[in-house]
Amino acid sequence: DGSPTKRVMITLPASFGSAKPRMIGGWKAKVVTKADGSRQVIWNATGDPLPDDQFADFGISVKWPTTEGEVALPTVQTCIKGKVAWIGDDVPTVDVGPASGGGH
């Protein structure tokens with residue numbers, strides 16, 4: 001509702017072998033590995049937050065799970081005023097397909 005974004009956090013399940021966040025100017029990124037093996041990829045604005053009328057690509061390079069199927073990626077966007085949590089029925093998902101090629 002017009003409030004700038006100051007933090008984005010995406011949770012990857014333990015089935016992902018690794019995670020490397022895309023570096024974004026004006027943001028600091030880190031990966032936190034939890035006791036259950038899941039990873040939280042977190043970006044925090046280090047300067048001005050992201051205005052509501054703009055967007056940024058919060059990309060992640062990952063080692064994909066070996067098991068095929070839909071994988072949920074709970075995501076929380078924290079703004080100056082409030083936050084939006086995409087969890088439950090609103091959670092973003094990726095569909096992991098069969099491996100192809102030489103494993104690259």
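Trainee: Which is Phe 58, buried or exposed?
Mentor: Phe 58 has a relative accessible area of 17%. Buried means under 20%, exposed over 50% and partly exposed in between, with a 1.4 Å probe and protein chains only. The value of 17% lies under 20%, so Phe 58 is buried.

Trainee: What pLDDT do side-chain atom pairs need in order to count?
Mentor: Residues are numbered from 1 along each chain as its sequence is written, and side-chain values use heavy atoms, leaving out hydrogens and water. This is a predicted model, in which totals for chains, interfaces and linings use all residues, local features need pLDDT of at least 70, and side-chain atom pairs count only at pLDDT 80 or more.

Trainee: Which residues does Phe 58 contact, leaving aside its neighbours within four places in sequence?
Mentor: Contact means heavy atoms within 4.5 Å. With those neighbours set aside, the partners of Phe 58 are Val 8, Ile 10, Ile 24, Trp 27, Trp 43 and Leu 50.

Trainee: How is the pair of Phe 16 and Trp 64 classed?
Mentor: Rings of Phe, Tyr and Trp (its six-membered ring) pair if their centres lie within 6.5 Å; planes under 30 degrees apart are stacked, over 60 edge-to-face and the rest tilted. A search of the whole structure finds 3 such pairs. For Phe 16 and Trp 64, the centres are 5.7 Å apart and the planes 50 degrees apart, so the pair is tilted.

Trainee: How many residues apart in sequence are the parts that Phe 16 and Trp 64 tie together?
Mentor: Phe 16 is buried at 2% relative accessible area, while Trp 64 is partly exposed at 49%. Strands (E, at least two residues) and helices (H or I, at least four) are DSSP runs, numbered from the N terminus. Phe 16 lies in the loop between E1 and strand E2 (18-21) and Trp 64 in the loop between E5 and strand E6 (69-72), so the distance in sequence is 48 residues.

Trainee: What is the class of the pair formed by Trp 27 and Phe 58?
Mentor: Trp 27 is buried, at 9% relative accessible area. The two rings lie 5.2 Å centre to centre, with 80 degrees between the planes, which makes the pair edge-to-face.

Trainee: What is the volume of the second largest pocket?
Mentor: On a 1 Å grid over the protein atoms alone, a pocket is an open set of points where a 1.4 Å probe fits, with protein on both sides within 12 Å along at least five of seven lines; lining residues have an atom within 4 Å of a point. Here the lining includes Phe 16, Phe 58 and Trp 64. Volume is the space filled by probe spheres set on the points, which are joined across faces, edges and corners. For this pocket, the volume is about 210 Å³.
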